[in-house]
Amino acid sequence: MEHKTNVMRVLDAAKIVYKHYSYDAKEALSGTEVAACLKENPAQVFKTLVTCGKSRAHYVFLIPVAEELDLKKAAKACGEKSVEMLKSKELLPLTGYIHGGCSPVGMKKFFKTFIDSSASSFETIIFSGGKRGFQVEVSLEDLSKIIPFTLAPLCLERE
């Protein structure tokens, strides 16, 4: 029997077409290793980051796996004075997901979500399937049916 993650069940329930991938989570720890395992373009594979704003509100950011979140751009996107990365130990109680398996789909509650504007150059993006070793590929149009999100420039400029 095929293993379904909570993310896949949410996508199935919403009748959203997606492609799913599985890989050996022991072999691929970083996002770029995951992209290499899947033989996919790292610019199309996104990682999910959770932050806390100065107001104590939480925000979700999706950026390409080889990039770094620019906290100033992230704060500007969500209208905060500043944001900081959520501590790893706070991730599971807040979202229901562990580090390395965090997905914007199916969190315990909805948080304002922002996706790096580079995502619009792809027909689909790939992100965590909600468990280490699983990824899903979905179009932004379909993703918007279950998660309201905003596209914004979010990555650090490379030197």
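Author: A salt bridge is a side-chain nitrogen of Lys or Arg within 4 Å of a carboxyl oxygen of Asp or Glu. The model discussed here is predicted.

Reader: How many salt bridges does this rule give?

Author: The count comes to three. In one of them, the side chains of Lys-73 and Glu-157 meet at 2.7 Å, N to O. This pair links distant parts of the chain, 84 residues apart: Lys-73 belongs to helix H3 (residues 71-78), and Glu-157 to the segment after strand E8 (149-152).

Reader: Are the two partners, Lys-73 and Glu-157, buried, partly exposed or exposed?

Author: The term buried is applied under 20% relative accessible area and exposed over 50%, with partly exposed in between. Lys-73 is therefore partly exposed, at 22% relative accessibility. Glu-157 has a relative accessible area of 62%, so this residue is exposed.

Reader: Which side chain meets that of Asp-12 in a salt bridge?

Author: The partner is Lys-4, with an N to O distance of 2.8 Å. Asp-12 counts as partly exposed because its relative accessibility is 33%. Lys-4 is likewise partly exposed, at 29%.

Reader: What salt bridge does Asp-142 form, and at what distance?

Author: The side chain of Asp-142 meets that of Lys-145 at 2.9 Å, N to O. Asp-142 lies in helix H5 (residues 140-143). With a relative accessible area of 15%, Asp-142 is buried, whereas Lys-145 is exposed, at 58%. The side chains of Asp-142 and Lys-145 are also joined by a polar contact of 2.9 Å.

Reader: Let us turn to a charge without a salt bridge. What is the nearest side chain of opposite charge to Glu-80, and how far away is that side chain?

Author: It is Lys-112, 8.1 Å away. The cut-off for a salt bridge is 4 Å between the charged atoms. Glu-80 is buried yet has no salt bridge.

Reader: Where is Glu-80 found, and which side chain does Glu-80 join in a polar contact?

Author: Glu-80 is found in the loop between H3 and E4. A polar contact of 2.7 Å joins its side chain to that of Tyr-59.

Reader: Where do Lys-15 and Lys-39 lie?

Author: Lys-15 is placed in the loop between helix H1 (6-13) and strand E1 (19-22). Lys-39 occupies the loop between helix H2 (31-38) and strand E2 (46-53). Lys-15 is exposed, with a relative accessible area of 73%. Lys-39 is exposed as well, at 75%.

Reader: Separation in sequence and separation in space can be read side by side. How far apart are Pro-93 and Lys-108 in sequence and in space?

Author: Pro-93 and Lys-108 are 15 residues apart in sequence and 8.7 Å apart in space, C-alpha to C-alpha. Pro-93 is found in helix H4. Its relative accessible area is 52%, and Pro-93 is therefore exposed.

Conventions. Residues numbered from 1 in each chain as written. Predicted model: local features only at pLDDT ≥ 70, side-chain atom pairs only at ≥ 80, totals over all residues. Heavy atoms only, no water. Buried < 20%, exposed > 50% of the residue type's maximum accessible area, 1.4 Å probe, protein only. Helix = DSSP H or I, 4+ residues; strand = E, 2+ residues; numbered from the N terminus. Polar contact = N/O pair within 3.5 Å; in protein donor to acceptor, adjacent residues only side chain to side chain. Lys, Arg positive; Asp, Glu negative; His and termini not counted.
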